[in-house]
Amino acid sequence: MAAHAPTGRPNQLFRNLNAKIASIPMMLVALVIFLGGTIWTVFYSFTNSRLLPRLNFVGLDQYERLWASSRWIISIQNLAIYGILSLIFSLVIGFMLAALMDQKIRFENTFRTIFLYPFALSFIVTGLVWQWMLNPEFGVQSVIRSLGWTSFAFDPLYNPDIVIYGILIAALWQGTGLVMCLMLAGLRGIDEDIWKAARVDGIPMWKTYLLIIIPMMRPVFITTLVIIASGIVKVYDLVVAQTSGGPGNASEVPAKYVYDYMFQAQNLGQGFAASTMMLLTVAIIVVPWAYLEFGGRKRG
Amino acid sequence: MNIRAMAAALAATVTLPLGAAFATDLEVTHWWTSGGEAAAVGELAKAFNATGNKWVDGAIAGSGSTARPIMISRITGGDPMGATQFNHGRQAEELVQEGLMRDLTAVAEKGKWKDVIKPASLLDSCTIDGKIYCAPINIHSWQWLWLSNEAFKKAGVDVPKNWNDLVAAAPALKKAGIQPLALGGQAWQANGLFDTLTISLGGKELYEKVYVKKDAEAAGGPDMAKIFAAAAQARDMAKGSNVQDWNQATNMVLTGKAGGQIMGDWAQGEFQIAGKKAGTDYTCLPGLGLNEYLTTGGDAFYFPLLKDEEKSKAQDILAAAIVDPKTQVAFNLKKGSLPIRSDVDLAAANDCMKKGLEILGKGNIIKSVDQLVSADTQKQKEDLMSEFFANASITPEAAQKRFADLIGSAD
Amino acid sequence: MADISTLNTTVAGFDAVSSRLASGPSGRKPRRMLSTRNIVLYGTLTVAALYYLLPLYVMVVTSLKGMPEVRLGNIFSPPLEITFEPWVKAWAQACTGLNCDGLSRGFWNSVRILVPSVVVSIAVASVSGYALANWRFKGAELFFSILIIGAFIPYQVMIYPIVIVLRELGIYGTLTGLVIVHTIFGMPILTLLFRNYFASLPVELFKAARIDGAGFWQIYFRIMLPMSLPIFVVAMILQVTGIWNDFLFGVVFTRPDTYPMTVQLNNIVNSVQGVKEYNVNMAATLLTGAVPLIVYFLSGRLFVRGIAAGAVKG
């Protein structure tokens, strides 16, 4: 092999060949499954397919019906509220916990395991436990009332106005541990010397985090962001287990709309139209960002 | 895309290696997983195993909405099971049209299904283009009001004789700290309650206008407005139920925390398990004590088309066994549902079941909404009803307008 | 390939640096046990830990109660009479239709699904991430962007296309098919994870190895892998949890004799008819969660070691 590539950016075909061969599975998945599957889905969203995919085109009918549905509108609103809050709280709590864990504390292992263990439980189970804890009859509310504060009211799962926050509580409980873990891995990747230098310069700790450490952890934040955001868009099991979308339609989410219409209502066209709208929204946000993030920059 | 050819080809490659055994194994998928249900399935398996074949159980819990996607994926993926449960109605219609299901007409003729299966509408639901594609197994009806005798005693009022009595007793119940009506939060429960009000308060004629003829005018008319007004009353009475599952709501009636619940005949199993006695501990009112009509929902078994001859034969045997009188008695006694034939003896049935049988015998039956409209329409109705029942700010008039639109575009 | 020895020295050199950094006194913070800082620090952590532990406490306590006590009592009160019946029932007696052998029925199936799925998905994704981070070729970023968008597609939507693909490949209903499905759906996040991690490793390291004449796989196995323990641990946490807890794919893409444990869990937890046995539900939950929990516990040590090795980054 030639040992004198001067720029570190090889152009020889046979060198890249290995990388290309190694990337074949990735290319196949991207093209056949995700791109192919998406095109297939979009295609059939213009049909009136019921239980099975059929090529009977009805134009934009499915989309018109979708946007006329109050349940879909509620779903979108819920996703927006849940998404924004979940993103902020996951990042903030996850980072704070990681920063605390990074203070060379004792029992680090124990604390990490405690924060992470909820992630081991499936959403179905998480939903069940929190449904129980938040039940006004025998959960937190009844316990606090039995302690003497009889007017205490905390029944998020049965109040249409705040039910989405009840789901948020459970989601954060389950997911922040992983965020903490990712952040911790990122923090541990920061060189000690940076801390030393910051201390020598007399920069306060919070400022060091905010101005030096966090910008250095950019890749970790991006990974975390994608993990959290993709989880938000796909949120389904948790809602089903906690409220099944109720009370009424108050905690419906788009993924549930898609699934319910695909399989319960046996209206594939409607489900596909809804999932196309979801994908379109994601694409509008993600594509420009992905282009800037992954396409534009060059690396040595 | 020719699903039929591919499925058939794949079915052949997948099932061949397993088809060698003498007694044929037949995998049966269903969503009956609770104690009583499993016991009923056990009877079915026993009957099938007695024919020298082997029942391989493929239970998937979480009701039809969890199980159905799995069943459909496997059938379309070319790896079908030997038999699968669906509800009476139109859930498997397209699978049949796609040629993925086995034609049972020969079995049906041999067993004289056309003569013995009562009501005939059950077999109609199985029939597509003159051929029979499923074996009905039981009848479940929705139109039951379950009342807690204890709750009314505590509130100092008589146990209601019908729905109107319950509405009248609601203030007294509330005063005694008892929830007048228990209703679980899941959408299908609100929807079922509404359909029950339609038949029991509005009568057969109204029900058929709306769901058989899909008459949008009737759906928006004054008779239906009365039903919506009653639904709004029910909404007030059910406020504060704070439970999700239907059996948790039944449990409120069972323990006297709630006065009553409108729920299908499967609720009976809960009272039985708890050792409660009909008449003394609880009261059941079919047709809400007003119009004693029952809808004939329930379950049927469908048989995917298989290449393997042995398995196909076993499918026929299972289909025949399902309709067999002995299986019908054994299964339905355990399940708490009604048999699909009138020539069987259910002496062991309890009081509520006997009331149901009597109504069935009189022929006071109507097709269930599932049999009359598509799953899609039913789902939209569920969305509307669950929203209406959870949100007191939606007026009956507004809900009725949406309902009429829905019926107008129903299929 | 004459420069392996030099390469080894390079790696050894970094090892030396890393161990010095990890074990050497950093002297960042002076330690006093009861300083205000420590009180705030441990106080916050303890309060947070209590919040995370509360549901676990409820689960454990409930799983040790008998049904009458569950129905009457307050969910936070300790059991008056401890019973292990729910655990026995969840593991060995709970019925799934006609098969009354509890969670034990699916346990080994789950293991059989988990091990190849985790290994294959992580192997494929780490190599893809490495190729993306260090061996950029034309079009690679396009594929990657598609992959990232793929992470946002609800799984349920992909069931139909995947059923068709697996049917065409003739592997519908097989373990191979299921492993492929898990690899596919793990790929977006994992590839991103590895790509970003590899990209954050010092580029000089890669350049030095290239100058020493190392090729694609050599650099991957001799330099990247040894330095990537923390991210492998994170990837493992993600995959073990995701695949172990998966219900949808396990049940759609296999046959009943290979159903994973989650099918039984679902059957126990989701039986809508009959009395809801919360104590058995909770025991079943804890039993099902045990495998990921053990993996977390064991990987915690790896995590620490991996982090020590990764301390040279930056």
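**Close-ups of a predicted two-chain model**

**View 1. A serine in a loop of chain A.** A:Ser244 sits in the loop that runs between α11 (237-242) and α12 (254-264) of chain A. This is a predicted model, so keep that in mind for every view here. Look at the backbone: A:Ser244 has a positive phi of about 45°, even though it isn't a glycine. Is A:Ser244 buried or exposed? With 23 other C-beta atoms within 10 Å, A:Ser244 counts as buried, because the cut-off for that is 20 or more.

View 2. Chain A has 13 helices and zero strands. Buried residues account for 48% of its 300 residues. Take the contacts in chain A between residues at least 6 apart in sequence: 69% of them join residues at least 24 apart.

**View 3. An aspartate in a loop of chain B.** B:Asp129 is found in the loop between β4 (127-128) and β5 (131-132) of chain B. B:Asp129 has a positive phi too, about 55°, and isn't a glycine. B:Asp129 is exposed, with 8 other C-beta atoms within 10 Å.

**View 4. A cis peptide bond in chain B.** Here B:Lys118 and B:Pro119 are joined by a cis peptide bond, with omega at about -10°. B:Pro119 belongs to the loop between α6 (113-116) and α7 (120-126) of chain B.

**View 5. Where the chains touch.** The contact takes 22 residues from chain A and 23 residues from chain B. Which element gives the largest share of chain B's side? That's α19(B), with eight residues. Sorted by type, the residues on chain B's side are seven nonpolar, nine polar and seven charged.

Technical notes. Residues numbered from 1 in each chain as written. Chains lettered and ligands numbered in written order. Predicted model: local features only at pLDDT ≥ 70, side-chain atom pairs only at ≥ 80, totals over all residues. Helix = DSSP H or I, 4+ residues; strand = E, 2+ residues; numbered from the N terminus. Buried ≥ 20, exposed ≤ 12 C-beta atoms within 10 Å, placed from the backbone. Contact = placed C-beta atoms within 7 Å. Nonpolar A, V, L, I, M, F, W, Y, C, P; charged D, E, K, R; others polar.
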